[in-house]
Amino acid sequence: MGKTYGSGLSHLFAMHEQMLSGSALGPIVMQQAGSLNKRDRTWLDLCCGCGALLAFARANGFQVTGVDAASGPLQQAKRIAPQAKLIRGDVAAVNLKNRFDIITCVGGSTNYLLRLNDLLRVLGHARRHLAEGGMFCFDVNTPHGYAINVDHPVSLVGDDHAGFFGVEYNARTQRAKWHVTGFVKSGRAYQRFDECHELRGYEMEQIDRLCERAGLSFERYDADTLAAADAETARLVYFCR
Ligand SMILES: C[S@@+](CC[C@H](N)C(=O)[O-])C[C@H]1O[C@@H](n2cnc3c(N)ncnc32)[C@H](O)[C@@H]1O
């Protein structure tokens, strides 16, 4: 797996949820899942990060469970989704007793899985953890999505933090490096952090094949427009059953 989040970047994620996090997909996921006519509806968020989607799901009446490999984001998740069951672990090895009505893995988390086999395992685990009639939604950044960001560094500045992001992308290996330097207020001073996240862009055809191998039937769209995906698509969203 690539480097998981340090607490510095998870802080920026929490502050800029709308821009950075996949939690904005929450209402769309619910709409796609359709009516779940049962009392105890359950939602599993894989790579839950700081818990924004867990908080959304809980506010919509779900029993929520989140899995993430990193402790910094899980600490934030505990604060904003206190009723969630939180599990620290690798999503490529997740094995829970329960089945879930909705499973999500969003915010570009699948791109942290650098090996096709690990991504295939995550898709297989998700299928096995789905309750009857349930839905699994994940998003994934494409190689094009990383390539277009190379010349467009992003900065995020607020009263108590600032973050600067630069992307390196290697088209041959499909690997991206996401360099982040941030400053987070700590008392009167700002604490600096530097992180480098290694990610892999995935082509639509690769993901389609993996879904088929994992036994998932799916619909997929451009995640930003929810229209049919094309060569310009930077991020795909899959709704699987
Ligand atoms: C880009 S963040 C997205 C977080 C959240 N889903 C959101 O949309 O805000 C990616 C998250 O995936 C987690 N992660 C990456 N690889 C993982 C793995 N193999 N197992 C569990 N968590 C992982 C990181 O720790 C991080 O919290």
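In this predicted model, the count of aromatic pairs comes to 7. A pair of aromatic rings is described by two values, the distance of the centres and the angle of the planes. For Phe 218 and Tyr 238, the ring centres lie 5.5 Å apart and the planes meet at 55°, so this pair is tilted, because an angle would have to be under 30 degrees to count as stacked and over 60 to count as edge-to-face. This pair links distant parts of the chain, since Phe 218 belongs to strand 10 (residues 218–222) and Tyr 238 to strand 11 (residues 235–240), with the two residues 20 apart.

The loop between strand 10 and strand 11 holds Leu 226, a residue that is not a glycine and yet has a positive phi of about 60°. Most residues other than glycine have a negative phi. Cys 47, which is not a glycine either, has a positive phi of about 55°, and Cys 47 is located in the loop between strand 1 (42–46) and helix 4 (52–59).

| Residue | Part of the residue | Ligand atom | Distance |
|---|---|---|---|
| Cys 47 | backbone N or O atom | nitrogen | 2.7 Å |
| Asp 68 | side-chain N or O atom | oxygen | 2.6 Å |
| Ala 69 | polar backbone atom | nitrogen | 3.0 Å |

On its own the ligand has 590 Å² of accessible area, and the protein covers 97% of that area.

Note on methods
Residues numbered from 1 in each chain as written. Predicted model: local features only at pLDDT ≥ 70, side-chain atom pairs only at ≥ 80, totals over all residues. Heavy atoms only, no water. Polar contact = N/O pair within 3.5 Å; in protein donor to acceptor, adjacent residues only side chain to side chain. Areas by Shrake-Rupley, 256 points an atom, 1.4 Å probe, with all protein chains shown as cover. Phe/Tyr/Trp six-rings, centres within 6.5 Å; stacked < 30°, edge-to-face > 60°. Helix = DSSP H or I, 4+ residues; strand = E, 2+ residues; numbered from the N terminus.
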